[in-house]
Structure formats: structure tokens, C-alpha cells
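Could you have the structure open while you read my notes?

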Amino acid sequence: SDTVDAFGNAEPLWILGAVAASALTYVFAAVSFEGAVPAPVPFAPNLRAQVASSFAGLVGPGGAGGFALTARFLQRIGLSGPEAAASVAVNAVGGFAIHATLLVTFVVWSGQSDIGGFSLPDSTTILLVLAVLLAVAGVLVAIGPVRERVFVPAWAGIRTGLTHIGQVFTRPGRVIELFGGSLALSLTYVVAMACCVEA
């Protein structure tokens, strides 16, 4: 009932603005995703995949459903598994870089000296965790069947993915789409939130 009352008292034009900004987020998500893929991506199916991935992300842990759906979409248009995974990873890293940059920019702009007392773990703890991970990886590499079934295929996939990533970052148009789309996506979310508050 509180939600119904809130909509009843809201300003209709601001609600329309929020809906329009929300719809634009999918367009900019499609632009950003296209920038992460060196191969041509048809825009309308890409847009549908972005809408679908937002719903798939709700049911998968940590957004894994959305990642899986977009990777499968790329496989359906002709990319190999490692190429699709590399494109999804590039898109995620590009989005994270833009989010981190905007966070720092807005914190500085607002005049805050910190973000709630957040601090990184002790360097000794980080080195200890890295040492344990390297030791476990070394033991697993020493076991022949594990090396042949896990590490050799994984390394081949990583090489394919790195080649794919290099193709993206040597094309300025793709880089502009990747980071420009991510920036526009984040700012459109800000506009949608502002419209909701004003409504």
C-alpha cells in the first residue's frame, strides 16, 4: 500500500524520465558490450541479450547468469568459447574501471576525505595468501593427469583470450565504444536515480 501511495503522489513527468533513463541503460550496455568484441555484433540481438542478461543476473549467483547468457550469445553468433569468455571479461573489466574512476571522482567532488574507513588488508596477509595459492598451483602442476586435463587446456584458452583482447585494444573505435558505453551507462543510472528522487 505504501508503494501504491508513493506512485499516486508522484510527479508523472519525473516517472517518465526515470523510465526513459532506465531504458537507455540497455542501449548503452549494448554499445559497451559491442566495444568488447572485435568481431561484428548485430545491434538488435545484442540489445535483446543485454535485456535478457539483466534478468538472468537476478537468478545466478553474483551476476553469473548474465555473464553466462552473454557468453552464450557470442558463441551463437560465431565466436569460440575462449573468445566469448575474453569478450565478457573485457566488458566487465571496462565497466569496473569506469565505476572505480567515477567513484573516486565523486568522492573527491563531494569533498569527502575517505569512504567510511575502508582499508586494505595488511601486506603480510596478502603475501601469505599469494604464497599459499602459488604452492597449491605448483603441486597441481606437478601431477601429470591434472596438468594435462586442466592446465594445458586452460593455458590454450588464456592465449586465445589474450590474442582476442589485443584485437579489441588495437582498434580505437572499439575502445571508445567499450569505455564510452560504460561511462554513459553509469551516468544514465545516476540520471534514473535522480528522476526517481525528484518524482
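Below are some numbered points on helices, salt bridges and one serine.

1. A reminder before the details: this is a predicted model.

2. Let me start with helix α8, which covers residues 172-198. Its 27 residues, at 1.5 Å a residue, should span 39 Å, and the C-alpha atoms at its ends are 38 Å apart, so the two values agree.

3. Which residues of α8 are buried? They are Arg174, Leu178, Gly181, Ser182, Ala184, Leu185, Ser186, Thr188, Ala192 and Cys195. Along a helix, residues three or four places apart point the same way, because an α-helix has 3.6 residues a turn.

4. The side chain of Arg174 meets that of Glu34 in a salt bridge, with N to O at 3.6 Å. Glu34 belongs to helix α2 (residues 12-35) and Arg174 to helix α8, so this pair ties together parts that lie 140 residues apart in sequence. Glu34 is buried too, at 15% relative accessibility.

5. Arg174 has another partner, Glu177, and here the closest N and O atoms are 3.2 Å apart. Both residues sit in helix α8, 3 residues apart, or about one turn of the helix. Glu177 is partly exposed, its relative accessible area being 22%. Through shared partners, the salt bridges join Glu34, Arg174 and Glu177 into one network.

6. How many salt bridges does the count come to? The total is 2.

7. My last stop is Ser53, which is found in helix α3 (residues 43-59). Is Ser53 buried or exposed? With a relative accessibility of 12%, Ser53 counts as buried. A polar atom of the Ser53 side chain lies 2.9 Å from the backbone oxygen of Gln50. Leaving aside residues up to four places away in sequence, Ser53 touches Gly66, Leu69 and Thr70.

Technical notes. Residues are numbered from 1 along each chain as its sequence is written. This is a predicted model: local features need pLDDT of at least 70, side-chain atom pairs count only at pLDDT 80 or more; totals for chains, interfaces and linings use all residues. Side-chain values use heavy atoms; hydrogens and water are left out. Helices (H or I, at least four residues) and strands (E, at least two) are DSSP runs, numbered from the N terminus. The expected span of a helix is 1.5 Å times one less than its number of residues. Buried means under 20% relative accessible area, exposed over 50%, partly exposed in between (1.4 Å probe, protein chains only). A salt bridge is a side-chain nitrogen of Lys or Arg within 4 Å of a carboxyl oxygen of Asp or Glu. A polar contact is a pair of N or O atoms within 3.5 Å; within protein, one must be able to donate a hydrogen and the other to accept it, and residues adjacent in sequence count only if both atoms are side-chain atoms. Contact means heavy atoms within 4.5 Å.
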